[in-house]
Amino acid sequence: MLKIDETALLKIEEILKQNNEKLKKENKLNFRVEVTSGGCSGFQYKFSLDSKIDSKTDSIIKINDHYEIVVDNLSLQFLAGSTLIHINNLSGQYFEIRNPNAKTRCGCGSSFSF
């Protein structure tokens, strides 16, 4: 399972709260984490806001009673044992996944291989 660091939880909750306030309740957004092919090392992480959940192919990680993180089951296999964190420093703000299963990472850290 994907672990979520406290800093990432707080930031995701903030993002979802801000964006969901702009929408109607029936279009509730969730925070989606995916592993896609691409990048210079073969795979990359993708973070997005998504209102769709497929009960057959998605797993849900509850943040609290209002917000959820959605990960498709294929990506979840690549993320096993990983931790999602939020970085806020002089370089900017961004989400990062610390994946102990990744063998290599590209120089900028946005892609990886197994």
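In this predicted model, the largest nonpolar core holds 22 residues, and among these Leu2, Val33, Ile69 and Leu84 touch the most other members. The elements that contribute two or more residues to this core are α1 (6-21), β2 (30-38), β5 (68-72), α2 (73-79) and β7, with α1 giving the largest share, four residues. In soluble globular proteins, nonpolar side chains tend to be buried together.

**Confidence**

The chain has a mean pLDDT of 87, and 92% of its residues reach 70 or more. Confidence is highest in β6, at a mean of 94, and lowest in strand β9 (residues 111-113), at 71.

**The three-stranded sheet**

Strands β1, β6 and β7 form an open sheet in that order, with mixed pairing; β1 and β7 are its edge strands, each of which pairs on one side only. Strands of a sheet pair through backbone hydrogen bonds, either parallel or antiparallel. Strand β1 (residues 3-4) pairs with strand β6 (residues 83-89) in the parallel sense, over two bridges, whereas β6 and strand β7 (residues 92-98) run antiparallel and are joined by seven bridges. The latter two strands make up a hairpin, with two residues between them. Helix α1 lies across β1, β6 and β7, and runs at about 80 degrees to β6.

| Residue | Opposite residue | Strand of the opposite residue |
|---|---|---|
| Lys3 | Thr83 | β6 |
| Ile4 | Leu84 | β6 |
| Thr83 | Arg98 | β7 |
| Asn88 | Gln93 | β7 |

**His86 in strand β6**

His86 is found in strand β6, and with a relative accessible area of 13% this residue counts as buried, because that value falls under the 20% cut-off. The side chain of His86 makes a polar contact with the side chain of Gln93, at 3.4 Å. When residues up to four places away in sequence are not counted, His86 touches Thr7, Ala8, Lys11, Gln93, Tyr94 and Phe95. Gln93 itself stands in β7 opposite Asn88, while its side chain is the partner of His86 in the polar contact.

Asn99 lies in the loop between β7 and β8 (104-105). Apart from residues up to four places away in sequence, Asn99 touches Tyr45, Phe78, Leu79, Ser82, Phe112 and Phe114.

**Ser51 in the loop between β3 and β4**

Ser51 is found in the loop between β3 (42-50) and β4 (58-62). This residue counts as partly exposed, because its relative accessibility of 39% lies between the cut-offs of 20% and 50%. Leaving aside neighbours within four places in sequence, Ser51 is in contact with Asn27, Lys28 and Leu29. Ser51 and Val70 are 19 residues apart in sequence, and their C-alpha atoms are 9.9 Å apart in space.

Conventions
Residues numbered from 1 in each chain as written. Heavy atoms only, no water. Pairing = 2+ DSSP bridges. Buried < 20%, exposed > 50% of the residue type's maximum accessible area, 1.4 Å probe, protein only. Polar contact = N/O pair within 3.5 Å; in protein donor to acceptor, adjacent residues only side chain to side chain. Contact = heavy atoms within 4.5 Å. Core = buried A, V, L, I, M, F, W, Y, C linked by side-chain atoms within 4.5 Å. Axes fitted to C-alpha atoms, helices over the stretch in contact; angles between N-to-C directions. pLDDT = per-residue confidence, 0-100.
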